[in-house]
Amino acid sequence: MSRVADWIRPEILAAKPYQVADARGLIKLDAMEAPSGPPADVQADWQTWLGGVDWHRYPDGTGQGVKQALRAHFEIGPELGILLGNGSDEIIQMLTLALARPRASLLTPAPGFAIYGVAARTAGMAIHYLALDETDFSLDPDAAIAAIERHQPALVFIANPNNPTGNFFPRETLHRLAEATPGLLVVDEAYFPHSRAHCLDMAGRPDNLAVMRTLSKAGMAGLRLGWLVADPAWIDALERIRMPYNINAFTQAAAEFALKQPQWWQALAAELRERRDRLVERLGQDDRVQVWPSEANFVLLRVPDAVAVFEGMKAEGVLVKCLHGQHPALQHCLRLTVGSETENEHMLAALDVGLRAC
Ligand code: PMP
């Protein structure tokens, strides 16, 4: 018998590693990546800039350059602190580690982003879910406040827009929820480039409301840079558990460049928003499927048989995300990332083939 089972906690042994689908040879529309990077001239300047990175030394452990560029680009005032993470996933992990203690719990809407639960479980926190409306995925503020009062969570995560449902929760609701939360409420704005509404100006107001963002959905998923904007007291506490050089030198340099030259990724996001709205409109005309409006760079779709359509699309060379079985409200649902014009056409053709086979 291996001694692993004696030493690794049973809840960790019971968990499955996060699965990343094998996308080789497929049009990859499963993970909300942007279909393209910067144009050739920006790419060339970027590479020259990266050529200057001193990689025989550790990177700047405080990430000053990136933080300054974030402050300048997003107009984050000195009254707020910033924590950098190796993707926002690492920030989620740092938050759960910092706030875990016996009987501490995490509260988050369901269906929602799976990593909150993964991180909470690893840190030893109890997890409670707030059920979203099964028709439009809205959040009933009174029911949410009642759940907060009942569970007294140390940490509340609200992805806004929500993944995988794509809807935006009203700012007033989030404000009310933060006021009721005994610990920290984090508004996860991973999809900020694609959303018509935002909450960044609410960071620190009230002082237990923090806003988390990432460059991942802005066309830079490979960089792995996320950040949390919060009242400095929260950031100071989190700095105590951050590993010294969590943001590597290349990511720091690349992110600084991207924040100082944002035109290409902002234009890309604008194109994707427009393409998403057209996709929702087109899918809305197909009475074989149910589609929800989206404020993110993906679209949630219900089909008659999600597994068959998913496999049918894959056979046609298109990889999307099958959500069937993840939550009762996601029965027969697929999540389609908005791609390039050509990718979307391939995806719609593959979807048609998949639907015909149902
Ligand atoms: N939050 C949400 C809601 C997400 O959907 C994702 C990525 N799927 C993340 C955070 C993680 O982003 P990152 O790439 O910055 O770790």
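Predicted model: local features only at pLDDT ≥ 70, side-chain atom pairs only at ≥ 80, totals over all residues.
## Lys-217

The UniProt record, an unreviewed entry, lists Lys-217 under "modified residue: N6-(pyridoxal phosphate)lysine". In the model, Lys-217 lies in the loop between β7 (209-214) and β8 (226-230).

Lys-217 has 28 other C-beta atoms within 10 Å and therefore counts as buried, the cut-off being 20 or more. Leaving aside residues up to four places away in sequence, Lys-217 touches Met-32, Ala-190, Tyr-191, Pro-193, His-194 and Asn-297.

## Packing of helices α5 and α6

Two packed helices are described by the angle between their axes and by the distance between those axes. For helix α5 (residues 88-99) and helix α6 (residues 114-123), the axes come within 9 Å and cross at roughly 40°. The crossing of α5 and α6 is right-handed.

On the α5 side, the contact is made by Asp-89, Ile-92, Gln-93, Thr-96 and Leu-97. The α6 side contributes Ile-115, Tyr-116, Ala-119, Ala-120 and Ala-123. Seven residues of this contact are nonpolar, two are polar and one is charged.

## Cis peptide bonds

Most peptide bonds are trans. In this model, the bond from Ala-110 to Pro-111 is cis, with omega near 0°. Pro-111 is found in the loop between β3 (105-110) and α6.

The peptide bond from Arg-205 to Pro-206 is likewise cis, again with omega near 0°. Pro-206 is placed in the loop between β6 (184-188) and β7.

## Residues with positive phi

Most residues other than glycine have a negative phi. Phe-137, a residue other than glycine, has a positive phi near 65°. Phe-137 is located in the loop between β4 (126-131) and α7 (141-151). Because 20 other C-beta atoms lie within 10 Å, Phe-137 is buried.

Arg-224 also has a positive phi, with a value near 60°. Its place is in the loop between β7 and β8, the loop that holds Lys-217. Arg-224 is buried as well, because 20 other C-beta atoms lie within 10 Å.

Methods: Residues numbered from 1 in each chain as written. Axes fitted to C-alpha atoms, helices over the stretch in contact; angles between N-to-C directions. Helix = DSSP H or I, 4+ residues; strand = E, 2+ residues; numbered from the N terminus. Left-handed = near helix turned anticlockwise from the far one by under 90°. Contact = placed C-beta atoms within 7 Å. Nonpolar A, V, L, I, M, F, W, Y, C, P; charged D, E, K, R; others polar. UniProt positions renumbered as here; feature names shortened; annotations may be inferred. Buried ≥ 20, exposed ≤ 12 C-beta atoms within 10 Å, placed from the backbone.
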